Amino acid sequence: MNRKPFRRRTGVYPEAFAETEEVLRRREGRKKKSGRPAALSVAEQLLSHAGVLARVPDLRALG
């Protein structure tokens, strides 16, 4: 996906997304508690949250 469509969908540019993904991936690696593995990858989780957050101003306008 190109920069502008990616930004429109997620609210951030691909470079910022990649940096955030790397930080979250390192954080996941440092976790000490074991448990059930996540159903979604770090990138998929981040895309899911970014898509919702990109639409928050639109939802606020609805009242």
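Me: Let's start with Glu 21: which helix is it found in?
Reply: Quick background: this is a predicted model, where local features need pLDDT of at least 70, side-chain atom pairs count only at pLDDT 80 or more, and totals for chains, interfaces and linings use all residues. Residues are numbered from 1 along each chain as its sequence is written, and side-chain values use heavy atoms, leaving out hydrogens and water. Helices are DSSP runs (H or I, at least four residues; strands are E, at least two), numbered from the N terminus. On that scheme, Glu 21 is found in helix 2.

Me: Is Glu 21 buried or exposed?
Reply: Buried means under 20% relative accessible area, exposed means over 50%, and partly exposed is in between (1.4 Å probe, protein chains only). With a relative accessible area of 17%, Glu 21 counts as buried.

Me: Leaving aside neighbours within four places in sequence, which residues is Glu 21 in contact with?
Reply: Contact here means heavy atoms within 4.5 Å. With those sequence neighbours set aside, the partners of Glu 21 are Val 42, Ala 43 and Leu 46.

Me: And which residue forms a salt bridge with Glu 21?
Reply: A salt bridge needs a side-chain nitrogen of Lys or Arg within 4 Å of a carboxyl oxygen of Asp or Glu. The closest N and O atoms are 2.6 Å apart in this one. At a relative accessible area of 43% the partner is partly exposed, and it is Arg 25.

Me: What is the N to O distance in the salt bridge of Glu 22 and Arg 26?
Reply: These two are four residues apart in helix 2, so they're separated by about one helical turn. Glu 22 is partly exposed at 40%, and Arg 26 is partly exposed at 46%. Their side chains meet with an N to O distance of 3.6 Å.

Me: How many aromatic pairs does a search of the whole structure find?
Reply: Rings of Phe, Tyr and Trp (its six-membered ring) pair if their centres lie within 6.5 Å, with planes under 30 degrees apart stacked, over 60 edge-to-face and the rest tilted. Searching the whole structure on those terms, the count is one.

Me: What kind of pair do Phe 6 and Phe 17 make?
Reply: Phe 6 in helix 1 (residues 3–10) and Phe 17 in helix 2 (residues 14–30) are eleven residues apart, and the pair links distant parts of the chain. Both are buried. Their ring centres are 5.4 Å apart and their planes at 80°, so the pair is edge-to-face.
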